[in-house]
Amino acid sequence: MMFSLFFRLKLKYLIIASLLFSSHYANAMRATHAWKVYDHAQLQNYVEFDIFLNAYREHLRVANKPIMSIIDYSQPSDSKRFLIIDIEKKALLHRTFVTHGINSGKLYATQFSNTVNSRQTSLGTYRVGEAYYGKYGISLRLDGMSPSNSNARKRAIVLHGASYAEPNVIHAIGMLGRSWGCPAISREITPEIVDLLKEGGSIYAHAHNNRDNK
């Protein structure tokens, strides 16, 4: 059966319109659920909604478990800028300190890089991989899922505990110590954070004051 050109064009238009509507509807539903998580977990005082929404969308893209996290490198290292969130329970599970790379800045991280041996932090979305025991004890391997952090495995960028990431370091020198690019946290909470995020969680590393990200 032959269809007229007009009918075929109309059918094509209807298919495209349907796909666009479905896409907009899906995006609207994601934004609605993101807002419910954001509001119920009372994140208003810790992260802007647009940052949370981006992190939430990236989590849905890369993760296979409901535990997402955000590191807001716009904040100084003496702030609890690392948030761990359960999007199913709509709960903030942890809010804690986290380091940045030694060549990214002092109190604030202002420069970022994806280059091997840069000793700078990389921004972007990470999918959390397997737990392992290394130099710093229990740690997490990270896979960079953005162009800005695609070399995470090559750079051995991992989440780990460290003595220079303890809160008492802030009392001593006014900021956390710095890593070679890894997000390091207090050793006391590392096992719990590892257990929450391992094998499928996400980390969204963000900064308003990004000056570089080679």
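**Stop one: Thr190**

Select Thr190 to start: with a relative accessible area of 2%, Thr190 is buried (under 20% counts as buried, over 50% as exposed and anything in between as partly exposed, using a 1.4 Å probe and protein chains only). Before going on, note that this is a predicted model, where local features need pLDDT of at least 70, side-chain atom pairs count only at pLDDT 80 or more, and totals for chains, interfaces and linings use all residues. Residues are numbered from 1 along each chain as its sequence is written, and side-chain values use heavy atoms, with hydrogens and water left out.

Thr190 sits in helix α4 (residues 190-197); helices here are DSSP runs of H or I with at least four residues, strands are runs of E with at least two, and both are numbered from the N terminus. Which backbone oxygen does the side chain of Thr190 reach? Show Ser186, and you'll find its backbone oxygen at 2.8 Å from that side chain.

**Stop two: the end of α1**

Jump to His40, in helix α1 (residues 5-40). Buried or exposed, this His40? It counts as exposed, because its relative accessibility is 55%. Not counting residues up to four places away in sequence, His40 touches Lys89 and Lys90.

**Stop three: the rings**

Colour the aromatics next. There are seven aromatic pairs, where rings of Phe, Tyr and Trp (its six-membered ring) pair if their centres lie within 6.5 Å, with planes under 30 degrees apart called stacked, over 60 edge-to-face and the rest tilted. Zoom in on Tyr73 and Phe112, a tilted pair at 6.3 Å centre to centre with 50° between the planes. The pair links distant parts of the chain, 39 residues apart: Tyr73 is in the loop between β1 (67-72) and β2 (82-86), and Phe112 is in the loop between β3 (91-96) and β4. Both Tyr73 and Phe112 are buried. For a cluster, select Trp35, Tyr38, Phe49, Phe52 and Tyr56, which ring pairs link together.

Note on methods:
Polar contact = N/O pair within 3.5 Å; in protein donor to acceptor, adjacent residues only side chain to side chain. Contact = heavy atoms within 4.5 Å.
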